[in-house]
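Dear colleague,

I am passing this structure on to you, and the notes below it go through what was found. Please have the model open while you read.

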Amino acid sequence: MIQGKRIVLGITGGIAAYKGAALCSKLVQAGADVHVIMTESATRFITPLTLQTLSRNAVHIDTFDERDPSVVSHIHLADHADLIVVAPATANSIAKLANGIADDMLSTTLLAATCPLLIAPAMNVHMYEHPAVVHNMELLASRGAMFVEPGTGQLACGYVAKGRLAEPEDIAAAIGAWFARSGILSGKKVLVTAGGTIERLDPVRYLTNDSSGKMGFAIAEAARLMGAEVTVVAGRTTAQAPAGVQVIRADSAQGMLEAVLSLYPETDVVVKAAAVADYRPVQTYDQKLKKTGERLVLELERTTDILQTLGERKTHQLLVGFAAETQDVERYALDKLKRKNCDLIVANDVSAEGSGFNVDTNAVQVYGPEGLVEALPLLSKRETAVRIMDVIARRLRAAGGLA
Ligand code: CTP
């Protein structure tokens, strides 16, 4: 998958810079054309000659060291890269990119680049957990940057904790997996629903749920990384929507139903990750409801089941539902799959630790009509989303819907 790809490898100034050399070597062995950019600090840890020898290309350090008069180096490198990898990425290099600072060869190239970016952070555990670093990483992730998380182990500073650069073979594997996935859904239209719906009672009160939209947005992002044209119909969300996808806001179950139905005929894949209200107030008020007696009884009525409606109207679409359960996960999931005429159901036990609403991780099982297709371990929602999209891509291929 890496054969013939042009990869810009940014090496920044941390002790793990030496692992950048091993990564460079692996990528070259796999057939990539690797162009290394080092920061000044990185050259304090490892010599440019090492990287030049391994990559068989000139190493770039100084923005003003223009060797080829026919090009501007940082623009040329940015324009011709299939992928930029920063490994190791220090807290400083992450902060600079998050804030648009361009004061050396690597940071100017990163700002000029429009290709995908993979970041492998490495730093002391307290730095990795610092709110500023966490915020910068989240900001970059929301703009579409991919991350290879650091491992846990002995750090150079003496701590045994998270912050150690992922092993070069794991970073190379992540790069290979990314190239394998990228573009496989190109030409496909994917519709994702995300977040929780809002059912109004009066101008200041509503019924909603704890959904943050993280899972739906992560699915949308994974589908976009695979080359699909992605639309998200989102209810109330607290997570940030990913870059490069169209977001349509729809508050209520009814609004979401209408938005989804209007897009459905042109859609190839629907993933219904939204937590849709099953009931809404029968009566809504234009003015704020005043308190009266000791008790107030609200009467609720059923909303239309969007997924079921899509199942009934299915023509060519691959329909994927979610099932949030607290018991008997498999039985309920398979029942929903059948009842709502879905092709896949992603089930999770929302009572299990690390799963469900408002957390960054999830452990899901994917069911098809034949039963369990894949049981995923506890993973970040981003990784879970990529793995769910892998299953979807396999189904599309099996159905002859992919090139
Ligand atoms: N769903 C929907 N429209 C609704 C309710 C649910 O489209 N009015 C979808 C959700 O987006 C999700 C799937 O149905 O993909 C399952 O949601 P869940 O709440 O787990 O299941 P329900 O069908 O509501 O079943 P139950 O409440 O009996 O568990």
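**Notes on the model**

Arg56 lies in the loop between α3 (48-55) and α4 (73-80), where helices (H or I, at least four residues) and strands (E, at least two) are DSSP runs, numbered from the N terminus. This is a predicted model, in which local features need pLDDT of at least 70 and side-chain atom pairs count only at pLDDT 80 or more, while totals for chains, interfaces and linings use all residues. Residues are numbered from 1 along each chain as its sequence is written, and side-chain values use heavy atoms, with hydrogens and water left out.

Most residues other than glycine have a negative phi, and most peptide bonds are trans. Arg56, although not a glycine, has a positive phi of about 60 degrees, and at 67% relative accessibility it counts as exposed (buried means under 20% relative accessible area, exposed over 50%, and partly exposed in between, with a 1.4 Å probe and protein chains only). Asn341, in the loop between α13 (329-339) and β17, also has a positive phi, near 55 degrees, and with a relative accessible area of 38% Asn341 is partly exposed. The peptide bond from Ala87 to Pro88 is cis, with omega near -5 degrees, and Pro88 belongs to strand β3 (residues 83-89).

An open sheet of eight strands runs in the order β12-β11-β8-β13-β16-β17-β19-β20, with mixed pairing (two strands pair if DSSP finds at least two bridges between them). At the edges stand β12 (246-249) and β20 (371-375), each with a single partner strand, so one side of each is left without a neighbour in the sheet. Within this order, strand β16 (residues 318-325) and strand β17 (residues 344-349) pair in the parallel sense over six bridges, and Ala324 has Asn348 of β17 as its bridge partner.

Finally, the axes of helix α10 (residues 214-225) and helix α14 (residues 381-398) come within 8 Å and cross at roughly 55 degrees; axes are lines fitted to C-alpha atoms, for helices over the stretch in contact, and angles run from 0 to 180 degrees between N-to-C directions. The two helices α10 and α14 are therefore oblique to each other (angles under 35 degrees count as roughly parallel, over 145 as roughly antiparallel, 65 to 115 as roughly perpendicular and the rest as oblique). Their contact (heavy atoms within 4.5 Å) involves residues including Ala218 and Ile219 of α10 and Ala385 and Ile388 of α14.
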